[in-house]
Amino acid sequence: MDPVIKHNAAPEPAPSAFESSLKSNDTEEQIDIWFYRPIGYQIALFCAKIGLRPNPVTIISIFFGVAAGILFYYQELWINVIGMLLLVFANSLDSADGQLARMTNDKSRLGRILDGAAGDFWFIAIHIAICLRSMNEGWSAWIWVPGVLAGASHVVQSAMADYYRNVHLFFIKGTSGSELDNSRDLQAEYDSLTWSKNFGMKFIARTYLNYTKLQESFSPHLQKLLTLVREKYKNGLPTALVTDFRAHNKPLMKYTNIVQFNTRVLFLFLWLFLDQSWIYFFFDMFVLNPILIYMIVNQEKVSRYFYQKILTEKTNEFQGV
């Protein structure tokens, strides 16, 4: 058994109810802490009071997000502004579902899948609306090429940002504070379901399995590190490893935030105000994709570093001796 190091530092003050509804300050973007999380917390309190569970909140957010995307089809700015407000509210609901799940300890695999899919539904509607809008403005059908490529880029960007956040939470909080999954376990769950008796769940399980395999395919060195850590530290991660990993990995968390919701939406709103919505596709591909590549390369560097360190240092501080 590898002991977990304990420090004799003074105990930290207990987090407030609001702070407990957050995943981690390491992975939260400042605009979320200032804006979306407080709104989401109030929505979560209301939902808890009336007995509304997290998954219905997520589904409601999908409708608001898709409605927002539809309103971006129109060239009238006032209609676009209504769409912007709907998208902001959809993201507030998306924040609320996770906070509600943590407040009520009502977490589920289906909830995680729905939460990840919600943003994809929003942006599918947004991309379709911008393509149709651009064609009305005189663009040829070729506008669908950057529209689809930008959509594919968005899927990978969001998937990897979500994955790296959960890896970070796994190292600093363990399995209780992370939603980190792996394709081996998901494959076993998928194989246990039958199409005849569990068609809906098997379809969802297949989609989520493919999603997880996509995340793992972009992070081979991280997969080796996770395998080693799970084999070596079955009784919990040593505090020294947690501290060291956090110090190396925390600076990369800001890139996971950049390629997700807030940055892309701020620029999307800018292009809508300028009546040049098509620029959003090229911003996604030629600004956010390089950030994604930088994020992946550096995450792999961190993973190689810790993999070698754990392998080669037989009696190091990670062993607690």
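Asp-275 counts as partly exposed, because its relative accessibility is 32%; the class runs between buried, under 20% relative accessible area, and exposed, over 50%, with a 1.4 Å probe and protein chains only. Asp-275 sits in the loop between α12 and α13, where helices (H or I, at least four residues) and strands (E, at least two) are DSSP runs, numbered from the N terminus. Its phi is near 60°, a positive value in a residue other than glycine.

Before going on, the ground rules. This is a predicted model, in which local features need pLDDT of at least 70 and side-chain atom pairs count only at pLDDT 80 or more, while totals for chains, interfaces and linings use all residues. Residues are numbered from 1 along each chain as its sequence is written, and side-chain values use heavy atoms, with hydrogens and water left out.

Asn-105 also has a positive phi, about 55°, although it is not a glycine. Its place is the loop between α4 (77-104) and α5. Asn-105 is exposed, at a relative accessible area of 64%.

Which residues pair in a salt bridge here? Asp-284 and Arg-264 do, at 2.8 Å, N to O; the term needs a side-chain nitrogen of Lys or Arg within 4 Å of a carboxyl oxygen of Asp or Glu. Asp-284 belongs to helix α13 and Arg-264 to helix α12 (residues 261-273), so the pair ties together parts 20 residues apart in sequence. Asp-284 is buried at 0% relative accessibility, and Arg-264 is buried at 1%.

Trp-271 and Phe-283 are edge-to-face, 6.5 Å centre to centre with 65° between the planes. For the rule, rings of Phe, Tyr and Trp (its six-membered ring) pair if their centres lie within 6.5 Å; planes under 30 degrees apart are stacked, over 60 edge-to-face, and the rest tilted. Trp-271 is in helix α12 and Phe-283 in helix α13, twelve residues apart. Trp-271 is buried at 13% relative accessibility, as is Phe-283 at 8%.

Asp-244 lies in helix α10 (residues 239-249) and Lys-309 in helix α13 (residues 279-312), so parts 65 residues apart in sequence are tied together. Both Asp-244 and Lys-309 are buried.

The whole structure has 15 salt bridges. Another one is Glu-189 with Arg-109, at 2.7 Å, N to O. Glu-189 is in helix α7 (residues 183-192) and Arg-109 in helix α5 (residues 109-136), so this pair ties together parts 80 residues apart in sequence. Glu-189 is partly exposed at 38%, and Arg-109 is partly exposed at 30%.

Back to rings. The count is 24 aromatic pairs. Phe-64 and Phe-89 have ring centres 4.9 Å apart and planes at 80°, so they are edge-to-face. Phe-64 lies in helix α3 (residues 54-71) and Phe-89 in helix α4, 25 residues apart. Phe-35, Tyr-36, Trp-122, Phe-123 and Phe-261 form one aromatic cluster.

Last, the record. An unreviewed UniProt entry annotates residues 57-75 and 279-297 as "transmembrane region"; positions follow the numbering used here, feature names are shortened, and annotations may be inferred rather than shown by experiment. In the model, residues 57-75 are 79% helix and 0% strand, with end C-alpha atoms 30 Å apart. Residues 279-297 are 100% helix and 0% strand, with end C-alpha atoms 27 Å apart.
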